[in-house]
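Hi,

Here is the structure I promised to hand over. Have a look at it first, and then read my notes below.

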Amino acid sequence: MQSWAFASPPALPGRGPELRLYDTADRQVRPVATGHTATMYVCGITPYDATHLGHAATYLAFDLIHRLWLDLGHDVHYVQNITDVDDPLFERAERDGVPWRDLAAREVALFRDDMAALRVLPPHEYVSATEAIDEVVELVEKMLASGAAYAVDDGDYPDVYYHADATLQFGYESGYDRDTMLQLFAERGGDPDRPGKTDPLDALLWRAARPGEPSWPSPFGPGRPGWHVECAAIALSRIGTGLDIQGGGTDLIFPHHEFTAAHAECVSGERRFARHYVHAGMIAWEGHKMSKSRGNLVLISDLRAQGVEPMAIRLGLLAGHYRADRDWDARVLEQAVARLDRWRSATALSAGPDATDTIARVRRYLADDLNTPKALAALDAWATDALEYGGHDAGAPRAVATVVDALLGVDL
């Protein structure tokens with residue numbers, strides 16, 4: 001699958017502090033230890049609807065990590081998937097009377113346009129589920145051979161399931177108790193009441209072919225991948241074991257990320273699928289969770305069509321901490337537009353106050369669990385001084401504009 005094109009961020013002089021991030025499994029902020037090549041797998045979209053602010057906030061968080069790694073001199077191997085074979089996609093395609101592949105292609109194209117407009121650095125590999133069927137089949141075969149998976153053959157549809165207890169450490173990523181797991185499993189695509197399963201928490205690996213659904217051949221019968229195994233197979237085949245970061249929104253912690261990690265661990269034998277589990281908070285609209293059922297999704301493409309500058313959208317989302325569930329409303333956008341105008345006016349000056357300390361603080365704040373509110377406040381202070389008091393450093397405005405571009409991804 002083709003990702004979107006974008007130029008590399010400008011190089012900055014010097015080097016910032018090492019990156020520290022909150023780890024969901026360890027429940028604390030700790031250093032992100034990585035080698036020369038930093039690796040990251042972030043779950044992508046299910047392409048049945050356009051990109052909304054919640055999507056954008058998640059991908060902006062991991063874009064910051066990408067940029068900070070580049071600033072530290074790392075090569076970055078970033079993989080993102082597209083779940084282009086799933087029930088919501090098929091249901092929307094049937095509702096709209098369009099082929100599911102056409103719907104997926106249209107929404108992926110719109111997502112790419114939105115990401116490029118927001119100046120999100122593209123993943124190194126952008127992989128759809130339909131491109132990874134062979135990898136999924138191979139992984140499921142290994143799980144069946146090891147006893148980590150089993151077939152539920154009720155005579156109609158011999159689906160393949162994963163034993164939730166196939167790894168001793170299952171549950172460490174989320175830290176949820178069983179009752180919470182069962183509740184979330186039922187709410188987020190699981191099928192706890194499926195007859196024939198050995199445990200209500202066992203997750204679908206391979207859905208046997210049903211009439212009217214796409215399917216692919218496999219040694220265990222024609223069908224299509226389950227949700228979690230898709231990501232495990234793509235991450236293992238594109239990056240391998242020893243992943244530095246597995247990422248996504250907090251709504252993916254369980255069951256999706258817990259099972260993705262478990263699928264990989266039961267085959268690799270490793271204790272942890274990723275060294276760091278990183279999750280971004282949710283975005284609400286005027287105090288209410290964004291959802292299709294509420295009809296309150298704020299789409300990036302709609303904002304762009306209304307003439308809202310993507311850099312203002314980016315700044316509005318960066319104004320809150322990436323881990324916080326936060327609100328979006330007209331005031332957030334107004335403040336972002338005003339901030340963008342101030343920064344542009346300040347960096348357009350022929351000279352300004354010395355920016356050495358400001359740049360150092362921006363690097364330090366971002367390295368400390370992506371503290372964008374503090375980073376933006378430091379830049380606000382410099383811009384205020386530049387506009388109100390001027391300065392004698394002819395290189396400062398350009399230096400500030402460059403750090404904003406390189407680390408925050410905002411084009412001034």
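First, the ground rules. This is a predicted model, in which local features need pLDDT of at least 70 and side-chain atom pairs count only at pLDDT 80 or more, while totals for chains, interfaces and linings use all residues. Residues are numbered from 1 along each chain as its sequence is written, and side-chain values use heavy atoms, with hydrogens and water left out.

Let's start with the strands. Helices (H or I, at least four residues) and strands (E, at least two) are DSSP runs, numbered from the N terminus, and two strands pair if DSSP finds at least two bridges between them. As a reminder, strands of a sheet pair through backbone hydrogen bonds, either parallel or antiparallel.

R20 has P31 of β2 as its bridge partner. Four residues sit between the two strands, and R27 in this hairpin has a positive phi near 60°.

Next comes an open, antiparallel sheet of four strands in the order β6-β7-β8-β9. β6 (149-152) and β9 (223-225) are at the edges with a single partner strand each, so one side of each has no neighbour in the sheet. On average, neighbouring strands here are turned by 25° against each other, direction ignored. (Axes are lines fitted to C-alpha atoms, for helices over the stretch in contact, and angles run from 0 to 180 degrees between N-to-C directions.) Within the sheet, three bridges link β7 (residues 159-162) with β8 (residues 203-208) in the antiparallel sense, and Y161 stands opposite L204 of β8. Helix α4 (residues 133-146) packs on this sheet and touches β6, β7, β8 and β9, with its direction at about 120° to that of β8. Contact, here and below, means heavy atoms within 4.5 Å.

There is also an open sheet of three strands, β13-β12-β14, with mixed pairing. Its edge strands are β13 (288-289) and β14 (326-328), each pairing on one side only. β12 (residues 283-285) runs antiparallel to β13 and is joined to it by two bridges; A284 is partnered with K289 of β13.

Now the helices. The axes of α10 (residues 330-347) and α13 (residues 396-408) come within 8 Å and cross at roughly 140°. That makes the pair oblique, because angles under 35 degrees count as roughly parallel, over 145 as roughly antiparallel, 65 to 115 as roughly perpendicular and the rest as oblique. W343, A346 and T347 of α10 meet P397, V400, A401, V404 and L408 of α13. Seven of these contact residues are nonpolar, one is polar and none is charged (Ala, Val, Leu, Ile, Met, Phe, Trp, Tyr, Cys and Pro count as nonpolar, Asp, Glu, Lys and Arg as charged, and the others, Gly among them, as polar).

Is R314 buried or exposed? R314 sits in helix α9 (residues 310-318) and is buried, at 0% relative accessibility. (Buried means under 20% relative accessible area, exposed over 50%, partly exposed in between, with a 1.4 Å probe and protein chains only.) Leaving aside neighbours within four places in sequence, the contacts of R314 include D63, R67, R119 and L408.

Residues 45-55 are 27% helix and 0% strand, with end C-alpha atoms 8 Å apart. For residues 187-192 the figures are 17% helix and 0% strand, with the end C-alpha atoms 10 Å apart.

Cheers
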